[in-house]
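Hello,

Here is the structure I promised to pass on to you. Have a look at it first, and then read on for what turned up.

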Amino acid sequence: MRTRGKDTGITVGGAPRVDLLPPEVRAERRTAAFTRRAWAGVAVVAVVAAIGSGAAFLQRVQAEDALVMAQAETQALLMSQTKYADLKATQRKMAVAIAAEKVGGSTDIDWPSYLEKVQGTLPVGVTVVSVSLDQASPLAQYAQPTAPLQGSRVATLTFQATSPTLPSVPDWLNGLATLPGFADAQPGSVTLDDGLYKADITMHITADAFSGRFDQKAGE
């Protein structure tokens, strides 16, 4: 039977127990248990640290291997570039030559073809007998007119044509106006020599007459 009230720490009917160990022994046991737990914690920390160190070492080894491989690839590329150094030098010279040709040909006019077109605008029986050319250069700006009604030009074509009959110069000028790059044309003197009429025409030409053939070669 248990009594209510203050707990006296005595169990009625329990097995009798007697602790005869001195307090010093119990204190030593508690200290030993704490020491074991502390060393166990140190061991766990050491294991974790060792794992971390191993992972870091593995990453460093992998990074060093990758660096060695990259250096080897770079060296191989450099050696490959050395093999093709002459080819690259040739390619650079070709590029410079193409660029120079493009600049030099920027003001090119295919004069043989253009003069054929000029001849084609003239009436039957009229023949171009002499030609004088003056055109723009890539290195110098072409002289422009000072008269307000004259347009810009890149070339001047002066030619003399012969005709068995008295030439109709206005008709000649109308035919020349159909040519590409036509800016204007001015008639000169008309003379009769040995039964043939000779007429001088001065024609100014715009940039539309440029052939552009060197630009096409550079782009091929």
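Two strands count as paired if DSSP finds at least two bridges between them. In this predicted model, 8 bridges join β1 to β2, and the two strands run antiparallel. One of the bridge pairs links Gln135 to Ala155 of β2.

These two strands belong to an open sheet of 4 strands, ordered β1-β2-β4-β3 with antiparallel pairing. β1 and β3 are its edge strands, each pairing on one side only. From one strand to the next, the twist averages 15°. Helix α3 packs on the sheet and touches β1, β2, β3 and β4; the direction of α3 makes about 135° with that of β1.

Next, helix α4, residues 169–176. Its buried residues are Val169, Trp172, Leu173, Gly175 and Leu176. Because they cover an arc of only 160° around the axis, they lie on the same side of α4. That buried set packs against α3 (111–121), β2, β3 (182–193) and β4 (196–205). On the face turned away from the buried side, α4 carries the exposed residues Pro170 and Asn174.

One residue I would like to point out is Arg153, in the loop between β1 (127–135) and β2 (155–163). Is Arg153 buried or exposed? Its relative accessibility is 7%, so Arg153 counts as buried, the cut-off being under 20%. The Arg153 side chain makes a polar contact of 3.1 Å with the side chain of His204. Leaving aside residues up to four places away in sequence, Arg153 also touches others, including Tyr142, Gln144, Asp184 and Thr206.

Best wishes

Methods:
Residues numbered from 1 in each chain as written. Predicted model: local features only at pLDDT ≥ 70, side-chain atom pairs only at ≥ 80, totals over all residues. Heavy atoms only, no water. Buried < 20%, exposed > 50% of the residue type's maximum accessible area, 1.4 Å probe, protein only. Polar contact = N/O pair within 3.5 Å; in protein donor to acceptor, adjacent residues only side chain to side chain. Contact = heavy atoms within 4.5 Å. Arc of directions from axis to C-beta. Axes fitted to C-alpha atoms, helices over the stretch in contact; angles between N-to-C directions.
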